[in-house]
Amino acid sequence: MALVSDYATSHKPRTCPKEGLQDHLSNYSRKKGNPEIANVNFIWKQQKHLQGVNRNDSINFDRVTIGKRLVISVVNPKRVFYVGDTLSVKIVARDTKDRPKIYGGDFLRAKLFSRVPVNASTAGRITDYGNGTYVARFFLSWPGNLSVSVQMIHSSEAVQVLTKIRDNTRRIMACGFSDEGRNMTEWMPCSNTANRSMNLRDVCDFSKPFINATFYCQRPTLSRCDSIADCHRDRMKTSSLQNHLVNLDERKLLLRPPGQRVADCAPIDMYTENLDYLQTKTKATGTLLTGDYNAHHNEWLLSKKTDPPGLKKGSKSWWWTAKRLMGQGDKSDIPLLSSENQSYIQAEEKAECFANIFAEKSTIPQDENDKDVPHTERRTTSNLTKIVFWPKQVRKVLAKLDISKATVPDTIPARVLKHVAPELCKPLAKLFRLLMENHYMPKQWKVAHVIPGHKKNNKHDPNNYRPILLLCIISKVMESIINKALWKHINKNILLSDKQFGFRAGHSTADALTYVTQHLHDAKDKRQESRLICLDISRAFDRVWHSRLIAKLKVIGVDGNVLKWIENYLTDRELRVTVGVSNRTNGKPLPLCAPGLPETPSEGYWFNGTWYSLKCQSRKFPSVRSVFGCLQNKSVLFFGDSTIRQWWKFLMNLPKLPQTGRAAYHAAAVYGIYNTTLEFTFHHFPRNNDQINLQFKMHHYLAERIDGIKGGPNAVLVLGLWGHYTAEHIETFRSRLYGIRYAIERLHSRYPDTKVIWRTSNTRDHHRWFHFVENSDWYAYQLLLEAKKIFKGLNIAIIDVWEMTSCMWHDPVMHAPEDVVRNQVDLLLSYICPL
């Protein structure tokens, strides 16, 4: 019987081109691997004496990098940095005897952070110059006093050890083959890589070449191959194998605690007293900006007790700052909002809060909206079934446009429309006629851009704001003509009571008061009793019952194309709330979250517990309604490991949905109110479980499941594969990912509008020996780079959570805390519902 470690390390599954999938691993002939990987052992032997290893293979610990001895300094020192600048920090590695290192390779993690008055942080991008010198670059995203910390996860010598053992199997799987006749189970070693030296008759091959998946077991003596039942990680044999992979010095080297160094240059004073200058500078350099920088600035500025640096007393900037400190800033600014024990600081948070409040105020409860409309007899024999749009009418309305009106959302100024009215009236009249004949209203015209306007009382209470709606001007031109035709029909047929004084030309509140007063006097003269009932209907115009309105229009003779157009006009309307300075910034706006986004200086930053993406316009989904409003009528299919399962569980637990199936294999939850299906499928072996036996035949390969999916615009695939592959040969991971890539291509050839999202690996803790050998952060980061390379050019979105987890305020952990998961899910939903 051969040890699994013998046959598992002798063959590398090849990374196939698309055309060769059917022939992949059909035999055990040895193939050439990646030359870079094949030469690792050679490089290791040639450079031992240069990189902290003695000629007798023992570690020279005097040459090992010490994290606490890192020397940190600012490359481009200034007295003041600005939001949008790049801060470069030089890191010099030093050894045990405090000597500068002459070679690179240390695995470092850099973070820029502030704690008072705001808790914010971002990760740095580190460049290794190969001579013991590194540069960490940070994109400055918020103002305040900032500090830099650099943590050494693995010294360069430890990375050499990890590199040396990477191409070896570092985990042994065992699978049971059941013989029901003999009532016995044979446990045999299994692996994702094959042993070329073994006879084919001694191997059970469970590979699926078409999807690039391999799995082999040593053939049992008494049972058949198809009797495979359960599998698990053999803890004892794995531990023994790992102990033989490294010597005592190498083990000691890996188990050294990671060192951390806080920069001597900290704190860095970064002040943003001149936002106009910042925005102009940002536009010139093309820097990507996001978030409410006024909010970041105000929260920090109000905590300052001394004069801001670099301000000349009496200057414009000085007065601007003084007014801010006295609370006399821009009247249009929305201050920090607080509602139901929750605070809203950032522009996105405030906008989402206002959107939820305004939507709730303008939405009739479903049970009320479903009520039967009472029948009412028609009040006229005259019908209004069509409206003719004459160029003369259109020109007249255009000529009366108020040039001070906002141009949102079409950005066509009213002044321009008014000036070109003679030339524009004919094509617009034709357009309006076509829209009426087809009873259609363009989707863009149904979007109301809302600016919150303060009414009275506490400005920090979002309920004290009213919506100011900005609509498309051309849409309002058409509506004006239709409104005039409706009033003409109503007045001609005398369809309104002579006692209605509101919203009618030639009638006013004074007329109503005169009528009531005269009625009271007449009753008094006749010695009669008068009773006055006053009703104030709450939100009467915010919550118009559309079904009842349509029924009333029929009663007064509105029918045909006119009525159908009005029905279309009232359906599928949207509101978008604008808060903060994002709509008037001179900076380049971030793109919507979508596949194929360009690289940015940083993935984003944390600010008071909220992640702000610098990759795309991420949104916040604070409530069950907002989350499942995005997922309405969608099937979201999660495939991968336990980090993807966290996302699935978070969404499932929001409305406390019941689960069907087992999350160790396949589970699902359905939210009937929103017609949303959430499914999770755990990937096939390799798996790290050593406590329980997992049924082999209950597992599915991701590529296999993707081939069986019915896609479409309402199908979303969320994939994540890394946690259980860090202990595998790198070629095994590449092989699986190429199989998944080709399955996605086949899916998009059938359903091109199916959304596919890939979640990258994240940082984790290192406490126990097997964490370093099997699950090192260095291994996880290599898988991240491989995934980005293999999926390059594919129509999928990649959510990179590495920087998000490396700079979070929690200690590193493989399964992120719930508040971090919430922000990750918000980013996921931003890709599913970018608008």
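In the predicted model, Asp 800 is buried, its relative accessible area being 10%. The side chain of Asp 800 forms a salt bridge with that of Lys 788, with an N to O distance of 2.7 Å. This pair connects distant parts of the chain, twelve residues apart: Asp 800 belongs to the loop between strand S29 (797-799) and helix H25 (802-806), whereas Lys 788 belongs to helix H24. Lys 788 is partly exposed, with a relative accessible area of 25%. A network of salt bridges with shared partners joins Arg 125, Glu 599, Glu 603, Lys 615 and Glu 803.

Helix H24 (residues 777-790) also holds Lys 789 and Glu 786, which are three residues apart and therefore separated by about one helical turn. Their side chains meet in a salt bridge of 3.8 Å, N to O. Lys 789 is exposed at 54% relative accessible area, whereas Glu 786 is buried at 10%. In helix H22 (residues 730-750), Arg 741 and Glu 745 are four residues apart, again about one helical turn. The closest N and O atoms of their salt bridge lie 3.3 Å apart. Arg 741 is buried, at 14% relative accessibility, and Glu 745 is partly exposed, at 23%. In total, the structure contains 26 salt bridges.

Helices H17 (residues 546-555) and H18 (residues 560-570) pack with their axes 11 Å apart, at an angle of about 165°; the two are therefore roughly antiparallel. Their crossing is right-handed.

A nonpolar surface patch of about 360 Å² comprises Tyr 515, Val 516, Leu 520 and Leu 532. Leu 520 lies in helix H16 (residues 509-525) and is partly exposed, at 41% relative accessibility.

Conventions
Residues are numbered from 1 along each chain as its sequence is written. This is a predicted model: local features need pLDDT of at least 70, side-chain atom pairs count only at pLDDT 80 or more; totals for chains, interfaces and linings use all residues. Side-chain values use heavy atoms; hydrogens and water are left out. Patches are made of residues with over 30% relative accessible area and no salt bridge: like charges are joined within 9 Å, nonpolar side chains (Val, Leu, Ile, Met, Phe, Trp, Tyr) within 5 Å. Accessible areas come from the Shrake-Rupley method with a 1.4 Å probe; for residues, only the protein chains shown count as cover. A salt bridge is a side-chain nitrogen of Lys or Arg within 4 Å of a carboxyl oxygen of Asp or Glu. Buried means under 20% relative accessible area, exposed over 50%, partly exposed in between (1.4 Å probe, protein chains only). Axes are lines fitted to C-alpha atoms, for helices over the stretch in contact, and angles run from 0 to 180 degrees between N-to-C directions. Angles under 35 degrees count as roughly parallel, over 145 as roughly antiparallel, 65 to 115 as roughly perpendicular and the rest as oblique. A crossing is left-handed if the near helix is turned anticlockwise from the far one by less than a right angle, and right-handed if clockwise.
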